[in-house]
Amino acid sequence: MLEISHLSVEYTLGKQKIPVLEDLSLSLCEGGIYTLIGPSGCGKSTLLKTLCGLIPPVKGTITFRGETLSPKNHLIGLVLQNDSLLAWQTVQENILLACRVKKRPYDAAFFSDLLDVLKLKPLLKRYPHELSGGQRQRAAIARVFLLKPDILLLDEPFSALDAFARDELQTLFLELWQKNPTTTLFVTHSMEEAVYLGQTILLFRSAPRQTLEMLENPCFLLPREEEPQTIWQWTQQLREKLKEESI
C-alpha cells in the first residue's frame, strides 16, 4: 500500500511561500495503475517529484509497504516528457544505464521480452539522434521497466508525440504493465489517455479548496476499437467533471 498522509508541499519565491499541495491524504493499493488529471498548477507533477524525493514536503508522511518512501529504501522509476537518453550511448547502453548506476544485475530473459514488446531489437545499436520521438520514449520506458521498480512515476511521457506514435505507445505501455504490474502514477492532461490507461483516475482540484476524487474506471482494459462509444461516454463524463471545477 502507498499511503500519503496530510501531505503539504510549497515552493519558495523570494520571501513568499506558495502552497501547491495542502493536507493531501491518499491510499493507493499496490500494483494498480493510477492516472492523475486536473487543471494546470494543481500539484500533479509536484506530487510525483515529492514521491521520488526531488522535492521535500513541509509536512506529512509518505509510506510504502509500511516504511517511509525513499530512494534509499525503494526503487522508484521516473519517466518524463523528455526521454533523457544520453546522446553518446547506444539504445542498448541507455536501456542498461539505470541497472549499471544502481549496480543491479538485470534479468536477460526479461530484457529480451521488453525489447520484443517495445519493438526495440532492431534499434539497439543506434544512437538517440537516429531515432524518432516515439522510438526514444520506448527506450526510456524499457530502461525504467528493466530496473523492476517498486513504484513507477510518469509525467506526461507521451505528450510531445504525434497522435499515431502516442496511441501506439499507450497500447505498448499497457501491454507491458499487464505483464509486469507495478504501482504506477501517470500524470496526463489528456482525458482520453486518462481513461484508456487508468485503472483508477485521480481527479485533482486546485487550492484553496483542494480536493482529490478517486474514480474507478469502468473502461480500463476495454479495447479502443471494440468499445469506442463506452470509452467516449466516460471521457465526456470526466470532461464535465473538470468543467465543473473551472466554474
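# Exercises on a predicted model

Gln135 is part of helix α4, where helices (H or I, at least four residues) and strands (E, at least two) are DSSP runs numbered from the N terminus. The model is predicted, so local features need pLDDT of at least 70 and side-chain atom pairs pLDDT 80 or more, while totals for chains, interfaces and linings use all residues. Residues are numbered from 1 along each chain as its sequence is written, and side-chain values use heavy atoms, without hydrogens and water.

**Exercise 1.** Determine whether Gln135 is buried or exposed, and list what surrounds Gln135.

Step 1. Buried means under 20% relative accessible area, exposed over 50%, and partly exposed in between (1.4 Å probe, protein chains only). Gln135 counts as buried because its relative accessibility is 18%.

Step 2. Contact means heavy atoms within 4.5 Å. With neighbours within four places in sequence left aside, Gln135 contacts Leu120, Leu123, Arg126 and Glu130.

Step 3. A polar atom of the Gln135 side chain lies 2.8 Å from the backbone nitrogen of Ser132.

**Exercise 2.** Describe the largest nonpolar core and trace the part of α2.

Step 1. A nonpolar core is a set of buried Ala, Val, Leu, Ile, Met, Phe, Trp, Tyr and Cys residues joined through side-chain atoms within 4.5 Å. The largest one has 41 residues, and Ile95, Ile141, Phe145, Leu146, Phe158 and Phe173 have the most contacts inside it.

Step 2. Elements giving two or more residues to this core include α2 (91-102), α3 (108-117) and α4 (133-146). The most comes from α5, with 7 residues.

Step 3. In α2, the buried residues are Val91, Asn94, Ile95, Leu96, Leu97, Ala98 and Cys99. The buried residues of α2 pack against α3 and α4.

Step 4. Not counting residues up to four places away in sequence, Ile95 touches Phe111, Leu115, Leu120, Leu124, Ala139, Ala142, Arg143 and Leu146.

How values were computed: Polar contact = N/O pair within 3.5 Å; in protein donor to acceptor, adjacent residues only side chain to side chain.
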